[in-house]
Amino acid sequence: QVQLVESGGGLVQAGGSLRLSCAASGFTFSGHTMGWFRQAPGKEREFVAAVWTGGNTYYGDSVKGRFTISRDNAKNTMYLQMNSLKPVDTATYYCTRAVGRLLGGLPAYDSKLYDYWGQGTQVTVSS
């Protein structure tokens, strides 16, 4: 069955960095766009970034220039390198699989286009 397992979260001071990983199994990883979303307590789920099968990327405005999404299709793993972290980045970060390659300009920021989600990893940024 499809499994997405996040790791790499933790507590970091503002200005610091973390690297999240998402290990995928149970499906053909190279055939799906993958994404990261996050949710802070009391707030709606927010799109963070997406990476297409060929490596193209797309970012939410709040993380653009600070976060880098990538994938290694040989290892069935996706990454999120987070630099210059701010307290507002504090949230649970979720790895997610899109319903397919998301070709044709489909909006990668739309959570309805993702069908499997990991359990999440907590990121806490202290001021």
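# Close-up views of a predicted model

**View 1. The disulfide of Cys 22 and Cys 95.** Cys 22 and Cys 95 are joined by a disulfide, with 1.9 Å from S to S; a disulfide here is a pair of cysteine sulfur atoms within 2.5 Å. The model is predicted: local features need pLDDT of at least 70, side-chain atom pairs count only at pLDDT 80 or more, and totals for chains, interfaces and linings use all residues. Residues are numbered from 1 along each chain as its sequence is written, and side-chain values use heavy atoms, leaving out hydrogens and water. One disulfide is found in a search of the whole structure. The link between Cys 22 and Cys 95 is left-handed, with -55 degrees about the S-S bond. Distant parts of the chain are linked by this pair, as Cys 22 is in strand 3 and Cys 95 in strand 9, 73 residues apart. Strands (E, at least two residues) are DSSP runs, numbered from the N terminus. Cys 22 counts as buried at 0% relative accessibility, and Cys 95 is buried with a relative accessible area of 0%. Buried means under 20% relative accessible area, exposed over 50%, and partly exposed in between (1.4 Å probe, protein chains only).

**View 2. The nonpolar cores.** The largest nonpolar core has 28 residues, of which Trp 36, Met 78, Leu 80, Met 82 and Tyr 93 touch the most other members. Strand 3 (18-25), strand 4 (34-39) and strand 8 (77-82) are among the elements that give two or more residues to this core. Strand 3 supplies the largest share, four residues. Another core, of nine residues, lies apart from it and includes Trp 52, Ala 98, Leu 102 and Ala 108. A nonpolar core is a set of buried Ala, Val, Leu, Ile, Met, Phe, Trp, Tyr and Cys residues joined through side-chain atoms within 4.5 Å.

**View 3. The aromatic pair of Phe 37 and Tyr 114.** Phe 37 and Tyr 114 form an edge-to-face pair, 5.2 Å centre to centre and with 75 degrees between the planes. Rings of Phe, Tyr and Trp (its six-membered ring) pair if their centres lie within 6.5 Å; planes under 30 degrees apart count as stacked, over 60 as edge-to-face and the rest as tilted. Because Phe 37 lies in strand 4 and Tyr 114 in strand 10 (residues 114-117), the pair ties together parts that are 77 residues apart in sequence. Phe 37 counts as buried at 1% relative accessibility, as does Tyr 114 at 5%. Ring pairs link Phe 37, Phe 47, Tyr 58, Tyr 114 and Trp 117 into a cluster.

**View 4. The charged end of Arg 45 over the ring of Trp 117.** The charged end of Arg 45 is 4.1 Å from the centre of the Trp 117 ring, over which it sits. A charge sits over a ring if NZ of Lys or CZ of Arg is within 6 Å of the ring centre and within 35 degrees of the ring normal. Arg 19 likewise has its charged end over the ring of Tyr 79, 4.0 Å from the centre.

**View 5. The surroundings of Val 125.** Val 125 lies in strand 11 and is buried, with a relative accessible area of 6%. Leaving aside neighbours within four places in sequence, Val 125 has contacts that include Val 12, Leu 85 and Pro 87; contact means heavy atoms within 4.5 Å.
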